[in-house]
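These are my notebook entries on one structure.

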Amino acid sequence: MIEISTLTTNSLTNKKAEINLLAEDLGEDEQSFYSSIKPDLNAITNNPAEKTISSILDYSKSL
């Protein structure tokens with residue numbers, strides 16, 4: 001008979017630890033990169049293109 005076992009880990013806790021990263025936890029290069037793209041990312045979330053909105057609406061109507 002073959003016995004198979006899986007190590008018990010708390011993967012949920014490990015995922016939560018990864019999600020809770022702070023800006024201070026990033027290296028200097030990473031902070032610099034994020035700072036350079038932050039305005040563009042904010043613009044995307046605040047002002048989506050009309051084409052994006054139309055695509056989302058068309059997709060939702062097709063379901």
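I looked up Tyr34 and found the residue partly exposed, with a relative accessible area of 41%. The classes are buried under 20% relative accessible area, exposed over 50% and partly exposed in between, with a 1.4 Å probe and protein chains only. I place Tyr34 in helix α2.

I work from a predicted model, in which local features need pLDDT of at least 70, side-chain atom pairs count only at pLDDT 80 or more, and totals for chains, interfaces and linings use all residues. I number residues from 1 along each chain as its sequence is written, and side-chain values use heavy atoms, with hydrogens and water left out.

I read three helices and zero strands in the protein, in the pattern α-α-α. Helices (H or I, at least four residues) and strands (E, at least two) are DSSP runs, numbered from the N terminus.

I followed α2 across residues 28-46. Its 19 residues reach 27 Å from first C-alpha to last, close to the 27 Å expected at 1.5 Å a residue; the expected span is 1.5 Å times one less than the number of residues. I noted a bend of about 45° at Ile37, with Pro39 following within four residues. The bend is the angle between axes fitted to the seven residues ending there and the seven starting there.

I checked burial for the whole protein: buried residues make up 0% of the 63 residues.
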